[in-house]
Amino acid sequence: MNPQDDRPVTPATGGGAHPTRREAKDAARQDEIRLETAAETAGGEVPPPAVPATTAGLGVGPGAEAPLMQRIMTGNALVAFLSVVLSLILGGLLIAVTDQEVASASSYFFSRPQDTIAAAWTAASSAYIALFQGSVFNFEGDTFTRMIYPLTQTLTVATPLICAGLGVALAFRAGLFNIGAQGQILIGATFAGWVGFTLHLPVGIHLLLVILAGMVGGALWGGLVGLLKARTGAHEVILTIMFNYIATNLVLYFLSTPAFQRPGSTNPISPQLDATAVYPPLLGASFRLHWGFVVAVLATVFVWWLLNRSTVGFELRAVGANPSAARTAGVNVSKGYILAMAIAGALAGLAGVAQVSGTEKVLTSGVAASFGFDAITVALLGRSSPWGTFAAGLLFGAFRAGGVAMQASTGTSIDIVLVVQSLIVLFIAAPPLVRALFRLPAPGATRAGKGGSSTSTTPTPASTGAAA
Amino acid sequence: MSTATTSAPARSASDATVRSWKNPIILSVVALFALLVFAIGAPGNDVTFRLSEENDPIVLPSIVVSAPVIGWVAALAMIALAALAILRTRSGRKIPVWVLAVFAVLFLIAFLTWVVGSARTPNVALYGLLAGSVTLAVPLIFGSLSGVLCERSGVVNIAIEGQLLFGAFAAAVAASLSGSAFVGLLAAAVAGVLVSLVLAVFSIRYVVNQVIVGVVLNVLVSGLTGFLFSAVLSEDSERWNSPPRLPVIEIPLLADIPVIGPILFQQTIVGYLMYIAVAVVYVALYHSRWGLRTRAVGEHPKAADTLGVNVNRMRFMNVLLAGVVAGIGGSFFTLVAVSGFGRDMTAGQGYIALAALIFGRWNPIGAFFAALLFGFATNLSNVLSLLGTPVPDQFLRMLPYVVTVFAVAGLVGRSRAPGASGIPYIKG
């Protein structure tokens, strides 16, 4: 369990016979704390990953006070940082091992080992420098615009990742494992695209309608899964995977009908969206960054509010923490499933809008790229908290944008980005492993031997579920 | 997902009526659909199902049926079954399983007749359809057996896709380097175990959420094989990526039996291993000490632990064993189907295997037949798109997935996962 679990969890209704409004509110907050704790420890079917300490403590007042150094050494941030470093090192090794220069230098490794090491260093570092140059700052650019262009590319790529990641994260918090973001993006993009190139409306209203259509499309596709799960008990993992394939084929079918094709053409590509239907550029025409990014920020704020401040969000988290307990407490679990999946779908639909009316401006079958699947890793890395997902979306956006540049300049396959991304998520999910590798002290102050302490610190479904 | 079924024994009477109306409604809707499309919309011509080729040792006559007759008979029979289901439900009794089975078979016959009848050439080789289905189902069956082994011991295995893909990759590389397909088969098993090892270490030792590990492992394997494919394999594909194929072993005489001969007795070693694996896993799971322990660990680890079974050790072993099974299944892609590895060549088959596992209710035999159904649906869509049907190609390709959704949501009902599946066990 996490250190902040030491907080008192008994309601603070100080013995008075008439609890005031404020006391009732406090009690509700305490409920929320317990819910958070339950969300971390209950052995639900697919328990949401633990929220980081910062979000868990939001609105709860001061958390557990510990010496600064100890908090840094045991905190999640350090583990996250080290996970990224470790993954980059492993990825670098992979690049070096498969490099041609390294291979030729290693043929005489025992006579001149430094050659091999130098070649390996060059291979890995040049790839990573290209990655950085392609994603954050191009220090070889001749104008300022060219220098910061990579950063805006990162934000552009991050936009759909954040939106779809929020959808996956929200569903997680309701205890649903939503693998269907890909299909929801596709259907959302199809709805949005159709409104964008078929209807011809005035400025403002058109874009608004496009966004709305995308959200409705995603929400329908996601909500259908929620409905099936709630009504028939079918497993959402299977349903969402199948709905991805169905969505892909559905979009291919739509693109084979005249209503979705350019006049006089039978290619599976839609007409350009109207100028009134696309996101305006955010930083001028020389950058591809569009207002969709602002929408993604707003979506993050909305999800944060929904989860942490609204009744609906409270109910969703209750369903996610323990469906049986939630049902006993009077929460409509079926409604919770449908609602969670519908909102998750709407968020993924926003990602579809970002693609079809922001980046691509036409509808093709590849409009969703693999954002829907990357969104899952984004949500996992963000530990299903809205701002964590936002940050993870930025990181993965940088990887993806930089990966394209890296592949172009050094010839290193962009697949290395997938390797690094998945390693990061794996390591972050297992803090004891990272701590053991870097010989960090385990949280909980006392160093209680080897196995026992490491398992008890893992913020995953814990003994309560297994023992029940 | 099992919570709803277990929570309301007290008000079972009202619950039963609420819940069991689902099947009659589904049956009625499907029956009406059949009446409209297969009967009223039936093509007027005859349909030919070939059972053998002319130069086969034993030649069977082809089955020729009239599309409207079959359509009307099947649709009316389905309506009768739906009516029976409604009557049974109204009187508060259960719908017998045979009603569902007969209904499904009728639907299949009517659909096949209708869809082949409306094609440009209303003539299809039934034996080829079936044999192709089994071939396509081989990796699915291995994958879902891997899932059975894991989930029965309480570990959710989403990483089937990764195990298949890594198995396929290792088989291709090892077989190319050694020049022997059997070395490739061995390497595939080892690769499956490697993926399993990561799954086991993270989900059992470090109690990370099993679904998360599985999903991430799939991404990791996809990235790793994709990277190595472009950095190594495609640089010198003659050396790294030209594996020899596994030979087809034909059992004399038995292979000449029409229809079932090619399915059962004309396979590569992977195909025979598939039948053996299904039988062995089934027998071992339900009739051996190991199987009893596995199921105990998956259903109620605390009880098993109390009786002296080492829960996490048992799970670790089972997950590794599952890696062997799925890895061999992966070798099908590079040693049987095509000769050579391609980027992401498993194309989501691991997820379909997962669906087959659930559709088959966590039972090896059930998973076997569920995987066969998916193989059949996939093969049917391939064959039909060659025949030239009025149904758009994309809808045919959707078929396996729509079937899965109907299967998981509708006919299969509330299947129950092993009790402790997905929940890590922490002693104490």
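Mentor: An axis here is a line fitted to C-alpha atoms, for helices over the stretch in contact, and angles run from 0 to 180 degrees between N-to-C directions. Helices (H or I, at least four residues) and strands (E, at least two) are DSSP runs numbered from the N terminus. The model is predicted: local features need pLDDT of at least 70 and side-chain atom pairs pLDDT 80 or more, whereas totals for chains, interfaces and linings use all residues. Residues are numbered from 1 along each chain as its sequence is written, while chains are lettered from A and ligands numbered from 1 in the order in which they are written.

In chain B, helix H8 (residues 181–205) packs with helix H15 (residues 311–337) at an angle of about 140°, and their axes are 6 Å apart. H8(B) is therefore oblique to H15(B) (under 35 degrees is roughly parallel, over 145 roughly antiparallel, 65 to 115 roughly perpendicular, and the rest oblique). Their contact comprises 20 nonpolar, 8 polar and 1 charged residues (Ala, Val, Leu, Ile, Met, Phe, Trp, Tyr, Cys and Pro count as nonpolar, Asp, Glu, Lys and Arg as charged, and the others, Gly among them, as polar).

For chain A, the domain assignment (automatic or from a database) gives domain 1 (69–135 + 402–440) and domain 2 (144–384). The centres of these two domains of chain A, taken over C-alpha atoms, are separated by 32 Å. Their contact takes 9 residues from domain 1 of chain A and 5 residues from domain 2 of chain A (C-beta atoms, placed from the backbone, within 7 Å). On the side of domain 1 of chain A that touches domain 2 of chain A, H17(A) gives the most, with 5 residues.

Key: Contact = placed C-beta atoms within 7 Å.
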